[in-house]
Amino acid sequence: VTGRLNFDSDNYIDCNNTADTLEIFLGGGQVGEFGTGFLKLLDSKTLQIGTGSDLQIDHNGSDSTILNQTGNLRVRNAGEFQVTKSSTENMLIAKPDGAVELYYDNVCTLKTASNGVHLNDSLFIADSDKAYFGTGNDLEIFHNGSHSYISNVGTGALVIEAGTDTYNNAAVLRSNDCVELYYDGTKKFET
């Protein structure tokens, strides 16, 4: 089949036998085409889905955008969900009922696990930003740009333990109270 299906002089579908496509023209300009196994929209044309154009997908020639304007955007997949730079360079992998892995330059640097989060590299925290531990942020570790701090701001004492077989106190520092020093689990000094 050859020829053109005209709706009016500016809106028509053209059959391109050379490329085996149907080219779509609206307002006098081509907006896209149908081919065997594909629908193509040209640059800066938006695919709108939903009665209120709630989901929009477009490409402006440089960047691609997925815009969801109503509710949540959910991606469902039976296997792994992967974000890759190419077929050989991972950026993010989410495994069903398993880990979520973040990659830097195709090297896994952070991974979730059933027992917490695993870092495969260093953790960098900027000056004056704090790492908090405990439900009530009871322990703080931070560097203010000049000095480093380990602060026990919650209840109880700050205990430093040594040993691998049993927990042996090395030092116990009590807020507004004493400091206890231990040797082989036995208190040797107290202020």
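Predicted model: local features only at pLDDT ≥ 70, side-chain atom pairs only at ≥ 80, totals over all residues.
Four strands form an open sheet, and their order is β17-β18-β19-β20. The pairing is antiparallel. Strands β17 and β20 lie at the edges. Strand β17 covers residues 158–162, and β20 covers residues 186–190. Each of these edge strands pairs on one side only. On average, neighbouring strands of the sheet are turned by 25° against each other, direction ignored.

Strand β19 spans residues 179–183. Four bridges join β19 to β20 in the antiparallel sense. Tyr-182 stands opposite Lys-187, a residue of β20.

Aromatic contacts were examined next. A search of the whole structure finds two aromatic pairs. One of them consists of Tyr-12 and Phe-25. The ring centres of Tyr-12 and Phe-25 are 4.6 Å apart. Their planes meet at 15°, under the 30 degrees required, so the pair counts as stacked. Tyr-12 has a relative accessibility of 10%, so it counts as buried. Phe-25 is buried as well, because its relative accessible area of 12% falls under the 20% limit.

Phe-142 and Tyr-149 form another stacked pair. Here the ring centres are 5.0 Å apart, and the planes lie at 15°. The two partners fall into separate accessibility classes. Phe-142 is buried at 16% relative accessibility. Tyr-149, at 33%, is partly exposed, because this value lies between the limits of 20% and 50%. The ring of Phe-142 has a further neighbour. Lys-130 lies over the face of Phe-142, at 4.7 Å from the ring centre.

Backbone angles draw attention to two loop residues. Most residues other than glycine have a negative phi. Ser-44 is not a glycine, yet its phi is positive, at about 65°. Ser-44 sits in the loop between β5 (38–41) and β6 (46–49). The relative accessibility of Ser-44 is 52%, over the 50% limit, so the residue counts as exposed. Asp-105 also has a positive phi, near 50°. The loop that holds Asp-105 runs between β11 (100–104) and β12 (107–113). At 59% relative accessibility, Asp-105 counts as exposed.

Definitions and conventions:
Residues numbered from 1 in each chain as written. Heavy atoms only, no water. Pairing = 2+ DSSP bridges. Axes fitted to C-alpha atoms, helices over the stretch in contact; angles between N-to-C directions. Phe/Tyr/Trp six-rings, centres within 6.5 Å; stacked < 30°, edge-to-face > 60°. Buried < 20%, exposed > 50% of the residue type's maximum accessible area, 1.4 Å probe, protein only. Lys NZ or Arg CZ within 6 Å of the ring centre and 35° of its normal.
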